[in-house]
Amino acid sequence: MRLNNASRLAGFARRADLPFFLESLCGAEYLHEPLLAPTREMLDAYRHGIMEWPGYERSFTRLLRERRVEEALDRDLFGVPTVLLCSEAGPERCHRRLVLEYLNEAWGDLRAVHL
């Protein structure tokens, strides 16, 4: 759900390495789903202080609605333990939380823990 899964800042979590590590360490699959990522413009506006977090939160939630992610995603993907990756340390300002809140409102019954 990251916008850029090939960033040099991502270390071992890059597009080419993460699938190998997930499979090797815990038998998990990797699926890059840009449908759940913010736009570059939205992310840049937030990172450069043009948009505060409340505005980002509203814009990102509106983007999820416009993309109709609850219809575009296969609900069964969340029928097994699922991990959403991004680079934020906590849930307060994390788009993973926003995605889970949005999907939980649309689908209900998603259990989530922010690690």
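## The overall picture

Of the 115 residues in the protein chain, 31% count as buried, where buried means under 20% relative accessible area, exposed means over 50%, and partly exposed is in between (1.4 Å probe, protein chains only). Keep in mind that this is a predicted model: local features need pLDDT of at least 70, side-chain atom pairs count only at pLDDT 80 or more, and totals for chains, interfaces and linings use all residues. Residues are numbered from 1 along each chain as its sequence is written, and side-chain values use heavy atoms, with hydrogens and water left out.

The secondary structure comes to 5 helices and 0 strands; helices (H or I, at least four residues) and strands (E, at least two) are DSSP runs, numbered from the N terminus. If we count contacts (heavy atoms within 4.5 Å), residues 24 or more positions apart account for 62% of those with a separation of 6 or more. The accessible surface of the chain, from the Shrake-Rupley method with a 1.4 Å probe where, for residues, only the protein chains shown count as cover, comes to about 7,800 Å², and 53% of that belongs to carbon and sulfur atoms.

Now zoom in on helix α3, residues 53-67. Its end C-alpha atoms sit 21 Å apart, which agrees with the 21 Å that 15 residues should span at 1.5 Å a residue; the expected span is 1.5 Å times one less than the number of residues. The buried residues of α3 are W53, G55, Y56, S59, F60, L63 and L64, and they pack against α2 (40-47), α4 (69-72) and α5 (95-107).

That packing leads us to the nonpolar core, meaning a set of buried Ala, Val, Leu, Ile, Met, Phe, Trp, Tyr and Cys residues joined through side-chain atoms within 4.5 Å. The largest one has 19 residues, of which Y56, F60, L64, V99 and L103 touch the most other members. Helices α2, α3 and α5 each supply at least two residues of this core, and α3 gives the most, with 5 residues. Take L64 as an example: not counting residues up to four places away in sequence, L64 touches L35, L36, V69, E70, L98, V99 and Y102.

What about charges? The whole structure has 4 salt bridges, each a side-chain nitrogen of Lys or Arg within 4 Å of a carboxyl oxygen of Asp or Glu. E57 forms one with R97, with the closest N and O atoms 3.6 Å apart. This pair links distant parts of the chain, since E57 is in helix α3 and R97 in helix α5, 40 residues apart. R97 also meets E101 in a salt bridge (2.9 Å, N to O), and those two both lie in α5, 4 residues apart, about one turn of the helix. Together, E57, R97 and E101 are linked in a network of salt bridges.

Finally, have a look at the backbone. Most residues other than glycine have a negative phi. R68, in the loop between α3 and α4, has a positive phi near 50 degrees. D109, in the segment after α5, has a positive phi of about 60 degrees although it is not a glycine.
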